[in-house]
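Visitor: I would like to learn how to read a few features of a protein model. Please start with the terms.

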Amino acid sequence: MYACPTCGAGLVFDPKTQNLLCPSCRNQYDPEKIEKMRLDQAKEVEKNEYEAISYKCSHCGAELITTDETITTFCSFCRIGTMLDRKLVKKKKPDYIIPFKITKEECKKIYISKIKNSLFAPKNMIETQEVDKIRGIYMPYWVYSFEKHGNDTSKGEKYSHRSGDYVYYDDYSLATNIDAKCNGITHDATSNFYDRLSESIAPFSISEKKDFSPAYLSGYYADNEDVEEKTYIEENERIASDHLSKILGKEKEYHKYHAKPKISMNEKKAELALFPVYFLATRNNRRNRISYAVINGQTGKIAADIPIDFKKFGVFSAIFAVILFLILNLFLTISMPKLIVCSILFNIVSLFILLRQNKKISIREDESDDKGVQSKETKESTNSNVKTKKHKEKNKSSISIVFGVILFIIAINILPFLIVLLGEYPAIPKYIGIGLTIVVLFVMIIRKLNYPEKDSSIYKPLCGLLITLVVFSVKPASDIYYYVAALISIGMAILSVYNIIDKFNLLTTRKLPQLGSRGGDENA
C-alpha cells in the first residue's frame, strides 16, 4: 500500500485525474513520483520485479494481484469462494500499463443502461448488491508487433495481344522494397478472461500507455498471466501479413496489373501489458451457472452475457400473441391449409435453431473456442485433437439424425403414392404412414428412457412434423383430423420455444469455475 506523504492514509488511483488520491486529506500525487519516492526511502534500485499481495480463490483457483493490504471478500470469477490464500509475491513487471480512465460510478451507469435496454434481462442482474460488486481489474495482454524489411516480388496477371498471325502473352512481375511495421495487435494473456469477451471490448488505445508502476494498482487488482505469448503468435502474424498485403494491393502499380501480393512478416516481438477492465460476475442459482459482464476501463465499451428471464418472456409473448391474433383476425381467415403450413414452418424453424444451438453449446461447454483456456488446460496437442474429434462426432450424430428424419419424411409422402400407382391396395399408404410414425416415436421414447441425460429437445419439432405429414399421407375424410394434427404440431413448436430459450441461457452463462479445471467440472 502506498501511504500519503502528508497524512499517512492509503492512496488510491483516481481515473479522472490520473493521479493517486488521498481519501483523507484529498491531496493528489503523481504515481511514478510516488513510486520513485518509495524506492528512495527504501534505498532500493528499480528492478524488473515488484512486490505485491496475491489473493487466491480456494474454490476456482483464480489469482488476483494488488498492492493494497485490504482483504478481499469474494472471488470475481466464481462468486463463491473467499480469497483466503493471501501471500506476498514477487511479480515480473509488465512492459507498460494503460491506467483506468472510467470511474466505477460511470461504469455502473454503463452497465445499468445496458441491462435496462435488454427487455428480458433477469431482475437480479440490476439489483444494487450485484452492481456494487463490479471490480476494476487490470487484465494482462500480449501486445504483438511485426515488421517487414527487404524486397518482395509479386506476379501480375497475364495479358495477351495479337500481332499479325501471332498471339503474344505478357507476364508482369512487380518488385518492391518494403519497410513496414504493424504494431498493437493484442490478445489477453489470462485464461480467466474468455477470448470472446476480451475481443468484444477491444480496442484499447496503445498511445495512452504509461511506464508500469505498481502505484497504478492502488485501489485495483491485476489478474495473473497464464497464457504463453506463442499461443496467438501465428494468428496475429497472419493478421499483420494480410493487413500489409491489402494495403500494398491498393498501390497504383499493383492495381494496374492486378497483382495480389502475399507478404510474410519476418520480424516479430511481444510485450506484456496491463489493460483496464471492469468485471462483474452474476450467479444464476437456478442452473448453478454464472454470466459475465466486462467494460473497457479506458473507453467504456461494454460486453455482457445476458440470459432471458422466462417470466418476462412469457408475459410479453402472451400479450404479443393476443394482439397479433386480433390484428390478423381482421384481415385473414384461418383455414385448415394455412394452419397446417404454419405448423410445419414453425417446427422446421425450431428444429434448425435447436440443432445450431446444440452445436454451439457443445463447443462452449468444452471451451474449445477459447485458445487461452485451451493453452492452459492442454499443453500437448494430442489432448486438443481428442476434444476436436469429440465435437466432430457430436455434430456428425446430430446431422445424421436430421438427414434420417428428412429421408423418413420423404418416404412416408412418396412411397405410399408409388404403391398406389403400382397396385390396387389403397389402404396400404395409411398402414405405412401410421406404422412408420409409430416406429419412429417408439424409438424416440426408448432412446429417452435409456439415455435420460441426453438432450431430447429436437424430438418435439420432429414429432410435430411427423404428425402433420402423416395426416397428409393418410388423407382422412374429415377436416377435424387436420385441425387436431395442426394444433398438436403448433403445440410442439411452442414447447420447442422453451427449449430454445433454455439453450440460449446456457450459451449466455458458463459453468462455475472449479479448482483444477478452468472451465468447470462436468457436474457443475
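Guide: Buried means under 20% relative accessible area, exposed over 50%, and partly exposed in between, with a 1.4 Å probe and protein chains only. This is a predicted model, in which local features need pLDDT of at least 70, side-chain atom pairs count only at pLDDT 80 or more, and totals for chains, interfaces and linings use all residues. Residues are numbered from 1 along each chain as its sequence is written, and side-chain values use heavy atoms, with hydrogens and water left out.

Visitor: Is leucine 351 buried or exposed?

Guide: Leucine 351 has a relative accessible area of 7%, so it is buried. It is found in helix H8 (residues 336–366); helices (H or I, at least four residues) and strands (E, at least two) are DSSP runs, numbered from the N terminus.

Visitor: Which residues does leucine 351 touch?

Guide: Contact means heavy atoms within 4.5 Å. Not counting residues up to four places away in sequence, leucine 351 touches Ile458, Pro461, Leu462 and Leu465. Proline 461 is 110 residues from leucine 351 in sequence, but their C-alpha atoms are 5.7 Å apart in space.

Visitor: What share of the protein is buried?

Guide: Of the 524 residues, 44% are buried. The protein has 13 helices and 17 strands.

Visitor: How is the length of a helix checked?

Guide: The expected span is 1.5 Å times one less than the number of residues. Helix H2 (residues 104–116) has 13 residues and should span 18 Å, which agrees with its end C-alpha atoms being 18 Å apart.

Visitor: Which residues of H2 are buried?

Guide: Cys107, Lys108, Tyr111 and Ile115 are buried in H2. Seen down the helix axis, these buried residues fall within an arc of 100°, so they line one face of H2; the arc is that of the directions from the helix axis to the C-beta atoms. Lys109 and Lys116 are exposed on the other side of H2. The cover over the buried residues of H2 includes helix H3 (128–131), E14, strand E15 (289–296) and strand E16 (302–304).
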